[in-house]
Amino acid sequence: MNTEDTICAICTGAGGAISIIRVAGPDALAIGNKAWQGQQKLNKSNARKMLFGKTMSTPDTAGDTALAVYMSAPNSYTGGDVVELHCHGGALASRQTLEAALRAGARPAEPGEFTFRAFVNGKMDLTQAEAVSDVITAHSDMALHLAERQVQGSLTRGINGLHEQLIAILAECESRMDFGEEELDWTEPEKFIADIEEIGGNIQNLLQTGHEGAVLRDGIRVVLAGRPNAGKSSLLNLLLGFDRAIVTQLPGTTRDTLEETANLRGIPVKLIDTAGIREASDIIEGIGIDRSHQSIEQAQIVLWLLDASAGSIDDEVREMSTHTSEKEKIIAVWNKTDLAEDTTLPSFEHCPTIEISVEKQKNVDILLDAFEKMVWDYPHTEEPEIAVNARHMSLLEEAVESLPAAALNLSENDWELAAVHLRTAIAALGQIIGQNVDPDILDNIFSKFCIGK
Ligand SMILES: Nc1nc2c(ncn2[C@@H]2O[C@H](COP(=O)(O)OP(=O)(O)OP(=O)(O)O)[C@@H](O)[C@H]2O)c(=O)[nH]1
Ligand SMILES: [Mg+2]
């Protein structure tokens, strides 16, 4: 991406009361003063002050009222000159302001281009830039908290520390290569080997946060499955807190899959209600049931609803047992226990079994406990401060894999080979924070941002 020209975009979402059009680059001030006019021109002396004026609907005609603010380099989001025009919301008013900026010489910004410039100008490193996108897409408080910490540099600090330690070891290897014959005050290789072990342990700790990162960034697909009438749609509505799905006493009410996002115990989830599984009575139900099977396969967790009040409990159990290949992700949920108080309900060997009543809202907390345990695999009370993403993980793996060889080389006083392995680890850690990253990888990261960020 070119970082030398001036770009502009509508930065706010559609439908708001106010729209912000951002102009960034060397000509931002001149373009801002052409696209907007007030009693004062935007200039260095009124930088960071909101000024009242109008956007120019043609080069000579003032249009709608708007506020403008100039943020001069380097004290702006991008680190370069930025002008923001705050006009009325609505597609037409914001379009008119954007067009005024385009007419004045800016070009439309690519997705993530403002943040890319902030990265290039050293306002943030790559992990912080990635976290800006995480803030925007966060679907739970815990995910937001994690993203905010990363914007503030939590991961940067962790990686920088390890990176600097390895660079110090490499520097000594290189001096040993150059001045090995001389009696200098060398550090004992054992000390470096112990340091490398510690660094390896710290990298492993970071790698272990990858699962938390994936859960919080991508969310979990949770499918509600089971026979018709078990109460899947009722549970969906209860978990969402509003009536999303139609619920009736007729088996076969839900005919198609239905997706809705929710937040369960701080975990962003996509809840998927499905058509009840049975012999289909017509072609439409058959297609719906095929979709139920597909959803079960793609699910990360299945809440398998079983009707405790059903005439034959064996039928319920048999249906669930046919999905044994999915058992590690199933939570068996006996529902309608209010109608079956004297019935002994069987448990399942390979999956947690919970007894609830959606109608009486009984034991829903216990169900959520089981869900949370299945997601994290251990009690999870604290909000994570750091959780790496897939890109970080592959680079951390690359770094940690080269450390044992480096330690071995050091123990053999082979400074040259140790340096080779250390450089591999240093380069991998450097790429996490954005050093020498392939332009295609950068394009890929920033293209996932929205336009205007
Ligand atoms: N007594 C009692 N009735 C319940 C309970 N949960 C759901 N029901 C009732 O059971 C019936 C079926 O509920 P649904 O939520 O539509 O069941 P479903 O599994 O979505 O059914 P299909 O869409 O047909 O596959 C409705 O009349 C609900 O009110 C419960 O815990 N206790
Ligand atoms: Mg239903």
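Close-up 1. A residue counts as buried if 20 or more other C-beta atoms lie within 10 Å of its own, as exposed if 12 or fewer do, and as partly exposed in between, with C-beta atoms placed from the backbone. Helices (H or I, at least four residues) and strands (E, at least two) are DSSP runs, numbered from the N terminus. This is a predicted model, in which local features need pLDDT of at least 70 and side-chain atom pairs count only at pLDDT 80 or more, while totals for chains, interfaces and linings use all residues. Residues are numbered from 1 along each chain as its sequence is written, and chains are lettered from A and ligands numbered from 1 in the order in which they are written.

**Close-up 2. The strand partners of strand 6.** Strand 2 (residues 18–24) pairs with strand 6 in the antiparallel sense over seven bridges, and A24 has V82 as its bridge partner in strand 6. Strand 5 (residues 62–71) also pairs with strand 6 in the antiparallel sense, over six bridges, with Y70 standing opposite V83. Two strands are taken to pair if DSSP finds at least two bridges between them.

**Close-up 3. Helix 9 and the strands against which it packs.** The buried residues of helix 9 are K232, S233, S234, L235, L236 and L239, and they pack against strand 8 (220–226), strand 9 (258–264), strand 10 (267–273), strand 11 (301–307) and strand 12 (330–335); contact here requires C-beta atoms, placed from the backbone, within 7 Å. Just after helix 9, G241 takes a positive phi of about 85°.

**Close-up 4. The shell around ligand 1.** Of the 23 residues around ligand 1, those that come nearest are G231, S233, T254, G276 and E359, a residue being near if its C-beta atom, placed from the backbone, lies within 6 Å of the molecule. Helix 9 (residues 232–240) gives the most to this shell, with three residues.

**Close-up 5. The largest nonpolar core.** This core has 114 residues, and V23, A101, W304, V333 and L422 have the most contacts inside it; such a core is a set of buried Ala, Val, Leu, Ile, Met, Phe, Trp, Tyr and Cys residues joined through C-beta atoms within 7 Å. Helix 14 (residues 415–433) gives the most to this core, with 10 residues. A101 touches C8, I21, V23, I31, A35 and A106, not counting residues up to four places away in sequence.

Conventions
Contact = placed C-beta atoms within 7 Å.
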